[in-house]
Amino acid sequence: MADKSVPVNSSAATPTPIYVPSSGAFPTPAPVPAPFPTPVPIPPPIPSNLISSSFTFLTDRSFPSSHRGAAAPPPYVRPGHFFGASTSPPSIIPPAEYREPSRDDLVRSVQRNILDLMDPELRGAALVQLCLKRIVFQDLAPYLWFSFGTVAILFQELLDIYPFLSPPCLSPEQSYRACNVLVLLQCITSHPTTRPLFAEARIPYYLCAFLDLIDDSLSEPFEHLRLATLDAICSLVKVPDTEVIDCILYSEIMPLCLQILQCGSAMSKRYAAFIVEKLLLNNDYFQHICHLPKRLFPVCHALGNVVALLAKAPSAQLLNHVIRCYHRFLDDERSHWTMRNPFPKALTDGTFDHCLRDEQRARMLLQQLLDNVRGPPVPYPSRWENL
């Protein structure tokens, strides 16, 4: 083959030749593949007016329980609207696997999780799933209570951590698992059908061990366990039925709550104050407390210590509960006399004026309380004279 000269610059007056060797000098190069077609431009972003607010599947609330709390999934694209197939924006459709399950699906899933509680290897995961499903399945409490052996399994899970309470050596994993059990018990205590049955079985007696402030029990695992227990008891006393009061009447719940009010953490004090207030507002329990001085004096003494602590570290929420408890003492001559001997000075000298500036209801109750305390002295209760 003859040599060829290829011009590199046609605009030049005299083209410069480039030598190209013959085919025998070098091996024949591999054929160059055909060039790719020109790529289609990437479609523009989805305009905001095309994304309707009706697509609630992108929110956390519409996720099934297994996906609740996780990040929102990427928007699914309708088939055919992939890049390069169309220049129009892809349309978003809610995927079927992220739609809210039906009630029948929830019932079957709950029943399967309850059966998994029978297997010790599957019990931990089943507890987590049931705790998540209690939000979307309102009838979980009757399923837990009336299913065979379920309450006994939950009860045994709590008894298994008793040896780790004293001396305190509870691990975070054990605390997390016990808290899941207590969350399910809280679900049972908050349901009107199972609440009286729970109290009649005297299960709250076995929860008192988690409220005791023993040495080194203010660590995080014990605090989580204590808060979960207080939450379950709060649901129990929120609607104090006769069975609930009969259960708590001779239990250690009130003394332990008074102990937490004076020595517990800030969050546990709020739970304990709520329980004390709800019990005092119940007429049967209030008369039981006022019947003997040895029952009433510890309550007034503990509330006085709480007021002294609040004077150093004010808390409007906790102070609200304490003021309501003191206001309740005005309804009986025995508690009225006990409350005034002595009455906390911090409630009379304006120490909490700044703390209660936004609490109109609490300020009104406190003013009524002060007007009564500054009145004429109250005689010694006649019903205590023969005790």
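Predicted model: local features only at pLDDT ≥ 70, side-chain atom pairs only at ≥ 80, totals over all residues.
Nine aromatic pairs occur in the structure. One of them joins Phe 297 and Trp 384 in an edge-to-face arrangement, with 6.1 Å from centre to centre and 90° between the planes. Because Phe 297 belongs to helix α12 (residues 293-312) while Trp 384 sits in the segment after α15 (360-373), this pair ties together parts that are 87 residues apart in sequence. Phe 297 and Trp 384 are also members of one aromatic cluster, which they form with Trp 337 and Tyr 380.

| Residue | Relative accessibility | Class |
|---|---|---|
| Phe 297 | 39% | Phe 297: partly exposed |
| Trp 384 | 3% | Trp 384: buried |
| His 288 | 13% | His 288: buried |

The two partners of the pair thus fall on either side of the 20% limit under which a residue counts as buried, since Phe 297 has a value of 39% and Trp 384 one of 3%.

A ring also takes part in a contact with a charged side chain: Arg 328 is placed over the face of Phe 286, at 4.2 Å from the ring centre.

His 288 is part of helix α11 (residues 283-290), and, when its neighbours within four places in sequence are left aside, His 288 is in contact with Leu 249, Tyr 250 and Arg 295.

Helix α7 (residues 220-238) comprises 19 residues and spans 26 Å from its first C-alpha to its last, which is close to the 27 Å expected at 1.5 Å a residue. This helix, α7, is mostly covered, with 15 of its 19 residues buried.

Note on methods. Residues numbered from 1 in each chain as written. Heavy atoms only, no water. Phe/Tyr/Trp six-rings, centres within 6.5 Å; stacked < 30°, edge-to-face > 60°. Helix = DSSP H or I, 4+ residues; strand = E, 2+ residues; numbered from the N terminus. Buried < 20%, exposed > 50% of the residue type's maximum accessible area, 1.4 Å probe, protein only. Lys NZ or Arg CZ within 6 Å of the ring centre and 35° of its normal. Expected span 1.5 Å × (residues − 1). Contact = heavy atoms within 4.5 Å.
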